[in-house]
Amino acid sequence: MVGTGHSWSDVCHSKEALINLDLYNKIIHIDQERKTVKIQAGIKLWQINEQLDKVGLALSNLGSIDQQSIAGAISTGTHGTGINFQILAAQIIEFSLIKANGEKIIINKNNDENLFNACVVNLGALGTISEITLQVTDAFNLHDQTETIDFDSVIENIDYYINNNDHFKLWWLAPTKKVVVYRYQRTNNPRRGSKIKQYIRDRFTSVYIYRLLVLMGKMFPFIAKTINSILIWDLRQPVDRIEKSYKVYNVPPPLSTAKQNGLSTYNKQKKF
Ligand SMILES: Cc1cc2nc3c(=O)[nH]c(=O)nc-3n(C[C@H](O)[C@H](O)[C@H](O)COP(=O)(O)OP(=O)(O)OC[C@H]3O[C@@H](n4cnc5c(N)ncnc54)[C@H](O)[C@@H]3O)c2cc1C
């Protein structure tokens, strides 16, 4: 099985046949009362986010990108941040698995917790996950406070950051002495912040400028240090905004085209 093919490892590189569920990507049912959603396993996280948002629901936690298939994300233990939150797979109540002999089994967390825990993070080794039921939550906003801070100061206060923020992550652009610190708090306050600034950062700077810098760093590794210094300089302006949760969790997609039709990059580029 291959989802979006975004795993860092070669876990789904193969010269044999690969199965992909890009087009098996619908929401089957939303139960507003129980706040559960049943989905086809090829659906991408961004598709789930957008469709849940329309009915006032949301995934309770996410990682840094939204291009993954839900099956790929849970099979690898994909996680966001937050001392009080678990991996994405923890939001699953039930999933169906088609085994190599064609038999379909339903694995339910409440009915057989041991089987569920043994199978949920599976690296595609157990068969094809075909449908998944998720426990979701009411849609919520996040207060995003992002700033660059001295490396030593962040490390000294790391426990404070972890324990006093709903979500906390840091990016160190070595070898600079600064760290980009992302702090997100859940809030019921209304959205605020410059939409234009964010649009430029998300859709232009991050996608075109950063991608170009990464490409240059790959071609000429000796300039990587300089590139990181430029990036840290560019990120020096603090961000203080309140936005829908799924928009804050996700950094802008490095491959913006993947969103157009929901096809995996590997499907478009015939990478495998
Ligand atoms: C820019 C970037 C940022 C990232 N950020 C984060 C992050 O913040 N947190 C984090 O934890 N990870 C992160 N990752 C890693 C990513 O979330 C995982 O690698 C995830 O598995 C990718 O999902 P995918 O759909 O591309 O899966 P793939 O890479 O295509 O597949 C992953 C595994 O899932 C299996 N699989 C796929 N579909 C099925 C199916 N239907 N049934 C059974 N098995 C299946 C495959 O066989 C494979 O073993 C990031 C990756 C990138 C490229």
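**Before starting**

This is a predicted model, in which local features need pLDDT of at least 70 and side-chain atom pairs count only at pLDDT 80 or more, while totals for chains, interfaces and linings use all residues. Residues are numbered from 1 along each chain as its sequence is written, and side-chain values use heavy atoms, with hydrogens and water left out.

**Stop 1: the ligand and its shell**

The ligand is surrounded by 29 residues, and the closest are M1, G3, H6, S7 and T76.

Next, colour these residues by type. The shell holds 11 nonpolar residues, 18 polar ones and no charged ones. In this scheme Ala, Val, Leu, Ile, Met, Phe, Trp, Tyr, Cys and Pro count as nonpolar, Asp, Glu, Lys and Arg as charged, and the others, Gly among them, as polar.

Now turn on the secondary structure. Helices (H or I, at least four residues) and strands (E, at least two) are DSSP runs, numbered from the N terminus. Which elements each supply at least two residues of the shell around the ligand? They are α2 (70-75) and β6 (128-135). The greatest contribution comes from α2, with 4 residues.

Select T4, G72 and L123, and look at their backbones. A polar backbone atom of T4 is 2.9 Å from an oxygen atom of the ligand. A backbone N or O atom of G72 also lies 2.9 Å from a ligand oxygen, and for L123 the distance from a backbone N or O atom to a ligand oxygen is 2.9 Å. On its own the ligand has 970 Å² of accessible area, of which the protein covers 89%; such areas come from the Shrake-Rupley method with a 1.4 Å probe, and for residues only the protein chains shown count as cover.

**Stop 2: E131 in strand β6**

Select E131, which is placed in strand β6. Is E131 buried or exposed? E131 counts as buried because its relative accessibility is 11%; buried means under 20% relative accessible area, exposed over 50%, and partly exposed in between (1.4 Å probe, protein chains only).

Then show what E131 touches, where contact means heavy atoms within 4.5 Å. Leaving aside neighbours within four places in sequence, E131 is in contact with residues including I28, K38, F95 and K104. Two of its side-chain pairings deserve a distance label. A polar contact of 2.4 Å links the side chains of E131 and Y24, and another, of 2.9 Å, links the side chains of E131 and K104. A polar contact is a pair of N or O atoms within 3.5 Å; within protein, one must be able to donate a hydrogen and the other to accept it, and residues adjacent in sequence count only if both atoms are side-chain atoms.

**Stop 3**

Select residues 27-31 and 36-40. These are strands β1 and β2, which pair in the antiparallel sense over 4 bridges; two strands pair if DSSP finds at least two bridges between them. Within this pairing, H29 stands opposite K38 in β2. The two strands form a hairpin with 4 residues between them.

Most residues other than glycine have a negative phi, and most peptide bonds are trans. K35 counts as partly exposed because its relative accessibility is 25%.

**Stop 4: helix α1 and what follows**

Select residues 45-54, helix α1, and highlight its buried residues: L45, W46, Q47, I48, N49 and L52. Just after α1, G56 takes a positive phi of about 75°.

**Stop 5**

Select Q67 in the loop between β3 (57-58) and α2. Q67 counts as buried because its relative accessibility is 3%. Its side chain makes a polar contact of 3.1 Å with the side chain of D66.

Return to L123, in the loop between α3 (113-119) and β6. Its phi is near 50°, a positive value in a residue other than glycine. L123 counts as exposed because its relative accessibility is 57%.

Finally, select P175 in the loop between β9 (167-172) and β10 (178-187). The peptide bond joining A174 and P175 is cis, with omega of about 5°.

Note on methods. Near = heavy atom within 4 Å.
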